[in-house]
Every structure is written in structure tokens, then in C-alpha cells.
Amino acid sequence: MRRHRNVKIVATLGPASNDYEMIRALHEAGADVFRLNMSHGDHAEIKVRHEIIRQVEKDMDSPISILADLQGPKLRVGVFANGEEELVEGAAFRLDLDDAEGDVNRVKLPHKEIFDALEPGAHLLVNDGKIKLRVKDCGRDFADCEVIVGGTISNRKGVNVPDVTLPVAALSEKDRKDLEFVCELGVDWLALSFVQRAADVEEARELAKGRAAILSKIEKPNAVKSFDEILKVSDGIMVARGDLGVELPVHAVPPIQKQLIRKSRAAAKPVIVATQMLESMIDSPMPTRAEVSDVANAIYEGADAIMLSAESAAGSYPIEAVSTMNNVAGEVESDPTYTEIIEASRKTDGITVADGIVSAAREIAETTDVKAICCFSQSGTTALLVSRERPRVPIVAMTNQIGTARRLCLSWGTNCVVTGPVDRFKDAVLAAVSAATSLKLANKEDMIVITAGVPFNTPGSTNILRVAPCDERLIFPAEAD
């Protein structure tokens, strides 16, 4: 299915988007990638959603990417005798390992690893940052704190520890079981929560064994500090602004978002902007103007994809939310300022033969009347490099690997086409012409640019570029005679 925009849309599935008709309608409205949130739903429910997506893919003859988002470790306080207590600014409050029910003076924090890492002066944030505590004294099983920002604290509220690197693995026991389950199902991407260091990503990759690409969620201050190392070992990035906005000052998030997008694009790795993009559309058929601006800014910044969470998973207007994103993307990308911003921010991490080939393809396409860039890609690397260039003409990503086509659905501008086996460059040219014309990107009077690697079916071998007519009689005129 050809989209008339380049940025991709990720839609989370849930109770509001659970059956074939709704999932198909979301894809038709503009969803390119479906997110399975492993924090909600058991394995049986996840399997059913996965099967429905694959059926929609088959029925519409359109590759669809599936992203499984692992929950990550959840740090929470224990329970209170009264269910909740009111903490007052300036009061003392203790966190400890005592199993007794909590009161206004203390509560259990059943995470010994937090006490092992805490130091006096560190801050703890409870209930999405609504309550802020500062550690005054601590030991192996307690932390005596002062209430800096008061409020209501209740059973099992989440705890964030922004000031220290916690000795907590990014993968909990539940995550490991979920990872194996979704990899066996055949998802295309794994989103890894609670990433603090590159080693977290490498651990997930070892467990995935090449069955899915690894996308690192940047939601911890330490992940921002270690971003360059995390990016090197990741296949993609998610700017997860929820926890990021809790653990860092909210005004720090926009520049961080911009920096992460620029670095990810330079590395030719897809980047998603997520969290609260159209939050009001959970209950309203219309977004706020501020939300529309937020979506538009992410597109202007060059993000590969923008994501819906509760809006499509549990909201009352999932199709309207996807359509709104689709419409905003179309409007932004038709703005000449968008092209100026994207081209001014073009940057390459290194220069290889493949980098030179895709850069030349983009320049040829933009300085002549070429209608599309068709790239053959076994592993997806060539298509990612072309996507990084953000050309003004459409990209046709061609591969004989359905898994590669599905993963590329997350990348900016890619129209993914699964081809039959291609062993000769002549066959590649003919297949590219067929794909460009069938997608209505070009007609017989037009020209296209084709990139490929010879020998074929060798990942990372991009070394050839050709400008070809779409009239098959003109491609090899000597043979036509």
C-alpha cells in the first residue's frame, strides 16, 4: 500500500483495537506499524492480535511491521494500611524493606537494588513525579527521606530514581519469557524498556538470536548520557518521553528529542517519537492545537515515525487519531520549509562505497526528472541509507526477504516490495520498473534510479547505480531488436 507521506505511523493495539475490522481500518487509515504492549494482555491475547495483523497483511498484500514493546522492570512501593496517605512538604518519610503495611511515616520499597545504589542527596520520584523525596540518610535496607514535593501516595505507585545508575537489568524474568514468546511468534521489532547502558541492548540481542531487530527506548537520564554507545548497538531508537519527562525537567525533553533524532538519522537507524502525542483524542474526536503542533514538530525534526499509545489502544476514537496523524504528516511534508529543514540537517556518520552510491542516487533524482529511487536490499542496509538521505522522490525498498520488508516499514519514506529471487542486475532493473509502475510512482515515459549490490544476495554489498527508463523496450535496446 502506497502512502502519500514519508513519516511512518505506529499504532498501539489494545481493547479498542482488538478485532480484524478495526485493525484493517487502522492500517487503511495510515498505520504502518502495530505495537503490541507486553505490559497489557496475556500471551493468548498477544498471539491473536499477531495473527490478525498477519491476516490483514495477506489480504491487503501490504507488508506490515509488528513491534513488541517489553515491559521492563517496574519499581513500585508496597501497600498502606489505609490504602493511601498524604505526604506533607518538609515531613520525614522512610522507605525500607519491612513487610509491615505503610503509614504516613514509612512504606516498604521491595527493591534491595535501589538501596544498594542510593546516596544522600539523591532524589526519588513517586507516582509519575507527583511526589518528590530527597534522601538524607540511607543504608542497605532503608532510606530516610525529606518530602520535597508532597501529595497523595497510595498502594503500589511507581518509583523513579533519576540520579543514580541502578544495578537493575533491563530485562526482568517476565521480559525474558515475553521476548522468547514474541520472537517465536515472528514479530519484527523488540522495544527494550529501562535501557541504561549498551550492555542492556547486547543482552537482549543475544536472547533474540537475530529473530527480531532491537529498538532501544530512551527513557532514563543515564540512557541520554550513554546514548552514543547505545545507538551503536541498537537497530532503532524510541524517544520515550513519558518517563523521560518524569526523571528530567520537562523543559529538557524537547532539545533531547531533537538531538536523539539527529544522531539516529545520521547513523541511518529509524527513530520513533512517542508518548502523549494526541492524548486528548483518547476521549475526544478532535486533538488540541498544541498536540497537532507536537506531532508536526516531530515530523519537521526528521523523525522516521510517530506513535500512538492509549489513543489507539484504549481510546474512543482510534481511527480518527490515526487519520489525524496522517493528515498532519501530509500537510507538513507539503510545506517547502519542511524540505529546507530536512535537507539542511542532512549528515552522514561515515563515507563508504554504499554511502557514496545512495548519496549519488539522491542527487541524480533531485537534479533530473527521475521519479523514484529503487533499492535492492537483502538485509535492509541499503534502504536505510537511502532513507537517511531523505530524498525528494519516493523510495522503493525491494527485497526477497519478507522479514526485511516488514522491518523497513518503520523507516522514513520506504515503500516496501517483496520480490522473487534476483540473481542478475538485468532482472533487478526489470523488477524495479515493474514495482515503480505498479505503485503508480512512474509510467513508461519516466526514468528511475536503481541501486543494488553485485553479487546479489550479499548483505552490505551496494556498489552499483543505474538510471533506467520505465519502458522495458528501452532498457536493453540491443536485446529488443
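Trainee: Let's start with residues 5-322. How far apart are the end C-alpha atoms?
Mentor: The end C-alpha atoms of that span lie 13 Å apart in this predicted model. Residues 5-322 are 35% helix and 25% strand.

Trainee: Which UniProt annotation covers residues 5-322?
Mentor: An unreviewed UniProt entry annotates them as "domain: Pyruvate kinase barrel".

Trainee: And what does the domain assignment give?
Mentor: The assignment gives domain 1 (8-72 + 170-337), domain 2 (84-160) and domain 3 (353-474). Taken over C-alpha atoms, the centres of domain 1 and domain 2 are separated by 31 Å.

Trainee: Switching to pockets, what volume does the second largest pocket have?
Mentor: The volume of the second largest pocket is about 750 Å³. It is lined by 35 residues, and Arg-3, Arg-5, Gly-413, Thr-414 and Asn-415 are the closest to its centre.

Trainee: Which elements give two or more residues to that lining?
Mentor: Those are helix 2 (43-60), helix 13 (336-344) and strand 19 (414-418).

Trainee: Which one gives the most?
Mentor: Strand 19 does, with 5 residues.

Trainee: How do the lining residues divide into nonpolar, polar and charged?
Mentor: The lining of the second largest pocket has 15 nonpolar, 8 polar and 12 charged residues.

Terms used:
Residues are numbered from 1 along each chain as its sequence is written. This is a predicted model: local features need pLDDT of at least 70, side-chain atom pairs count only at pLDDT 80 or more; totals for chains, interfaces and linings use all residues. Side-chain values use heavy atoms; hydrogens and water are left out. On a 1 Å grid over the protein atoms alone, a cavity is a set of points where a 1.4 Å probe fits but cannot get out, and a pocket is an open set with protein on both sides within 12 Å along at least five of seven lines; lining residues have an atom within 4 Å of a point. Grid points are joined across faces, edges and corners, and a volume is the space filled by probe spheres set on the points. Helices (H or I, at least four residues) and strands (E, at least two) are DSSP runs, numbered from the N terminus. Ala, Val, Leu, Ile, Met, Phe, Trp, Tyr, Cys and Pro count as nonpolar, Asp, Glu, Lys and Arg as charged, and the others, Gly among them, as polar. Domain bounds come from an automatic or database domain assignment. UniProt positions are given in the numbering used here, feature names are shortened, and annotations may be inferred rather than shown by experiment.
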